[in-house]
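Here's a quick tour for anyone opening this structure for the first time. Have the sequence and the 3D view side by side, and hop between them as you read.

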Amino acid sequence: MDNSMTLEQKDRLLGDILRGMGRILVAFSGGVDSTFVLKRAHQELGDRCVAVTAASETFPSREFDAAVALAEQIGVQLIKTEVSELDNADFVANNPDRCYHCKTGLYSHLRRITAEQGYDYIVDGSNMDDLGDYRPGLQAKKEQGVRSPLQEAGLTKDDIRELSKRLGLPTWNKPSFACLSSRIPYGTRIEKHKIDQLDEAENFLMQLGLWQVRVRHHDQIARIEVMPHEMAKVVEHSAAIHEKMTSIGFKYVTMDLAGYRTGSMNETLSDDVRKKATAR
């Protein structure tokens, strides 16, 4: 990829890539990236593009409902389906390769839909920034033949936010989101009651007006991550936050002074573990 390409050149290349793909199924979560690629695919391919959104235990209902509303706003056909990560013992074990098992299950499910309905490709919203973190799910994507046109066009997260803003997409400044299982430390079993705790905890914090929020589940401890400029708001509402967190089962409530960052649970992984988890 030519790093000197302008944003407009990358966007034109994205259009060329999408037009060359035939009939596609977009794995659509309603986040910044998948909304942008769905919008551009719909612009380039019309009814040769369809979205699919999968309900699951680790995908909050608020996110599912928002995705449904966004697909309707874009005017694209949406297939609603369901998957159950908690039926997968390898996922529930929550080893460092958890995302590999999750994505393998999801993409295998989408491949069946693709075959049944005659689509040529499954497309996801991975962008260039996703290549820099520990993401064993990328191997599952490769094995299942899923394409990432945003990566193929060299688009970064900031690029996608800017282009989404130009298109008038309401997701242009939406906070990043990852499935709720990513809040649970590796080696700790993923259980429904923990997922429900995390969902309720993050919902509460967002209702206080916090923008980018993570609640990490450390058994009896809730570790809250927010952007540094929003830490004062957490302190301001500390009594209400403590009352809420303890009411849903946590004993202690802390705020991470390093602030929000993606993949903070990966910080404990050694290089050897990272290599082993992705060597397939």
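D219 is exposed, since its relative accessible area of 59% is over the 50% cut-off. Keep in mind that this is a predicted model.

**Positive phi away from glycine**

- D219 sits in the loop between β5 (213-218) and β6 (221-226).
- Its phi is near 60°, a positive value in a residue other than glycine.
- N94 also has a positive phi, about 60°, although it is not a glycine.
- Look for N94 in the loop between α4 (89-93) and α5 (98-117).
- Is N94 buried or exposed? N94 is buried, with a relative accessible area of 0%.

**Helix α2**

- Helix α2 covers residues 32-45, which makes 14 residues.
- From first C-alpha to last, α2 reaches 20 Å, close to the 20 Å expected at 1.5 Å a residue.
- Ten of those 14 residues are buried, so α2 is largely enclosed by the rest of the structure.

**Where α1 meets α2**

- Helix α1 (residues 7-19) and α2 cross at roughly 65°, and their axes come within 9 Å.
- The crossing of the two is right-handed.
- On the α1 side, the contact is made by D11, L14, G15, L18 and R19.
- On the α2 side, F36, R40, A41, E44 and L45 take part.
- Sorted by class, the contact has five nonpolar, one polar and four charged residues.

**K10, a buried lysine**

- K10 lies in helix α1.
- With 12% relative accessibility, K10 counts as buried, because the cut-off for that is under 20%.
- What does K10 touch, leaving aside its neighbours within four places in sequence? K10 is in contact with M5, A153, G154, L155 and D159.

**Helix α8**

- Helix α8 spans residues 157-166.
- Buried residues in α8 are K157, D159, I160, R161, L163 and S164. One of these, D159, is a contact of K10.
- Among the elements covering the buried residues of α8 are α1, α2 and α7 (149-152).
- Just past the end of α8, G168 takes a positive phi of about 75°.

**The aromatic pair**

- How many aromatic pairs does the structure hold? There is one.
- The pair is F59 with F177: their ring centres are 6.5 Å apart and their planes are at 65°, so it's edge-to-face.
- The two partners come from distant parts of the chain, 118 residues apart.
- F59 is in the loop between β2 (49-55) and α3 (61-74), while F177 is in the loop between α8 and α9 (192-207).
- F59 is buried, with a relative accessible area of 14%, whereas F177 counts as partly exposed at 28%.

- Leaving aside neighbours within four places in sequence, P185 is in contact with N94, H217, H218 and M265.
- P185 and Q212 are 27 residues apart in sequence and 20 Å apart in space, C-alpha to C-alpha.
- T188 is in this loop too, and at 30% relative accessibility T188 counts as partly exposed.
- Not counting residues up to four places away in sequence, T188 touches V92, A93, N94 and K194.
- T188 and A232 are 44 residues apart in sequence, and 31 Å separate them in space, C-alpha to C-alpha.
- So where does N94 turn up again? N94 is on the contact list of P185 and on that of T188.

Conventions: Residues are numbered from 1 along each chain as its sequence is written. This is a predicted model: local features need pLDDT of at least 70, side-chain atom pairs count only at pLDDT 80 or more; totals for chains, interfaces and linings use all residues. Side-chain values use heavy atoms; hydrogens and water are left out. Helices (H or I, at least four residues) and strands (E, at least two) are DSSP runs, numbered from the N terminus. The expected span of a helix is 1.5 Å times one less than its number of residues. Buried means under 20% relative accessible area, exposed over 50%, partly exposed in between (1.4 Å probe, protein chains only). Axes are lines fitted to C-alpha atoms, for helices over the stretch in contact, and angles run from 0 to 180 degrees between N-to-C directions. A crossing is left-handed if the near helix is turned anticlockwise from the far one by less than a right angle, and right-handed if clockwise. Contact means heavy atoms within 4.5 Å. Ala, Val, Leu, Ile, Met, Phe, Trp, Tyr, Cys and Pro count as nonpolar, Asp, Glu, Lys and Arg as charged, and the others, Gly among them, as polar. Rings of Phe, Tyr and Trp (its six-membered ring) pair if their centres lie within 6.5 Å; planes under 30 degrees apart count as stacked, over 60 as edge-to-face and the rest as tilted.
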